[in-house]
Amino acid sequence: MKIVIADDEVLVRKGICMSISWEALGIDEVFEAADGQQALEIISQNPIDILLTDIKMPKMDGLQLLDKVSIISPNTVNIVLSCVNDMACVREAMKFNKAVDYIPKLTMSTDELQSVIRRAGTYVKELMEEQPGKLRTDTLPLFFEAEHEAKLRQTLEYGTGKEIEALLEKIFEAACVLGSRWRESGEWEEIISVFVSVGKKYGIYNKDYLMDKVTQTLKKASAREALEKVILGEALWVHEKIEEEKRKSYDAGIRAALEYINRNYGDKKLKLGEIAKFIGMSESYFSRYFKRVMGEGFSEYLNKFRIGKAKEALRDRRSTMQEVAELVGYSNPAYFTQIFKDLTGMSPKAYQKQFLDTTAR
């Protein structure tokens, strides 16, 4: 198979060319084009199977290019590269099957690119099975988009079970376009491939088992809902296994976080994100994991820890409220007093007086 990559940004073109394992995707020749006009010339002179094109380019933009390619090379499978503000153009590109998929340019990863190009290659092979020169009109629509794949990867690794269910429900709704031909789609396996890819990062490798389960369900299920139930179940299983592997390594991370707090509680700028970065977790995941392990949120724990240290300092008759507040990480004495009251039921000054009165007896 042959592919053209059309983009006026040379770093984007070169980055795509160098990051993809083309041979593994069955692609033996890769052409580059700096604009739509150059891409059209390449396609007019070569039997191009796949076109990966940006929308905004000089001389001829992506939409104009797709219009012309649909005439001179109707069997070329088109994929659009898009920026966030290009979505209106993307929708235009997807009309009348001019493009089969799109990739968000700013967030695309090598895995996403390979997955989308692999699906395009499958589409090409289906077209080749038809009579030479005849455009296939009954090809199954694609429902598992690059955006879905990116979100699924993120949610499996960092989301919750409910978030996984909600995302898969959206993907399953998109699969309604398959109608009664839902068994024929190869995109169910693409979804499972995401499970396998994410799981491998944590030593979870069940590709054969997962693929076999989907294959058997495709053969035996009487309705699409039965297949979707199996896929959801496997997604939740992979997610739980990932959580288990994280717990093994992150328990040590929580200990490191507590030690970090103990050393730096007096730093007024101490933030959750700083500690998350220190122990190598994402901020959102660290927040959820800290609460799950410690039974309380990070801010709540930090305030309790600081007030505990403040109590120790207040037992010294010479310490002022301003000094103690700053010592334990509060730049605002009034805020320190409010937190102290909330957690102990009395003001710092009252606590100090009570302690000194007790010890003086």
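**View 1. Helix 2 and helix 3 pack at an angle of about 10°, with their axes 10 Å apart.** That angle makes helix 2 roughly parallel to helix 3, since angles under 35 degrees count as roughly parallel, over 145 as roughly antiparallel, 65 to 115 as roughly perpendicular and the rest as oblique. Axes are lines fitted to C-alpha atoms, for helices over the stretch in contact, and angles run from 0 to 180 degrees between N-to-C directions. Gly36, Ala39, Leu40, Ile43 and Ser44 of helix 2 meet Leu65, Lys68, Val69 and Ile72 of helix 3; contact means heavy atoms within 4.5 Å. This is a predicted model, in which local features need pLDDT of at least 70 and side-chain atom pairs count only at pLDDT 80 or more, while totals for chains, interfaces and linings use all residues. Residues are numbered from 1 along each chain as its sequence is written, and side-chain values use heavy atoms, with hydrogens and water left out.

**View 2. Five strands form an open sheet in the order 2-1-3-4-5, with parallel pairing.** Strand 2 (29-33) and strand 5 (101-104) stand at the edges with a single partner strand each, so one side of each has no neighbour in the sheet. From one strand to the next, the twist averages 20°. Strands of a sheet pair through backbone hydrogen bonds, either parallel or antiparallel. Here two strands pair if DSSP finds at least two bridges between them. Strand 4 (residues 77-82) and strand 5 pair in the parallel sense over four bridges, and Ser82 has Pro104 in strand 5 as its bridge partner.

**View 3. Helix 2 and helix 3 against the sheet.** Helix 2 (residues 36-45) packs on the sheet and touches strand 1 (2-6), strand 2 and strand 3 (50-54). The direction of helix 2 makes about 145° with that of strand 2. Helix 3 (residues 62-72) lies across strand 1, strand 3 and strand 4, and runs at about 155° to strand 3.

**View 4. Glu149 forms a salt bridge with Arg119.** The closest N and O atoms of this pair are 3.8 Å apart; a salt bridge is a side-chain nitrogen of Lys or Arg within 4 Å of a carboxyl oxygen of Asp or Glu. Glu149 lies in helix 6 (residues 146-158) and Arg119 in helix 5 (residues 110-128), so the pair ties together parts that are 30 residues apart in sequence. Glu149 and Arg119 are both buried (buried means under 20% relative accessible area, exposed over 50%, partly exposed in between, with a 1.4 Å probe and protein chains only).

View 5. The side chains of Glu228 and Arg224 meet at 2.6 Å, N to O. Both residues lie in helix 10 (residues 224-264), four residues apart, about one turn of the helix, and both Glu228 and Arg224 are buried. Lys241 and Glu244 meet in a salt bridge at 3.9 Å, N to O, and they lie in helix 10, three residues apart. Lys241 counts as partly exposed, because its relative accessibility is 29%. Glu244 is also partly exposed, at 29% relative accessible area. Elsewhere, salt bridges that share partners join Asp111, Arg119, Glu149, Arg153 and Glu187 into one network.

**View 6. The chain has 16 helices and five strands.** Helices (H or I, at least four residues) and strands (E, at least two) are DSSP runs, numbered from the N terminus. Of the 361 residues in the chain, 45% are buried. The whole structure holds 16 salt bridges.
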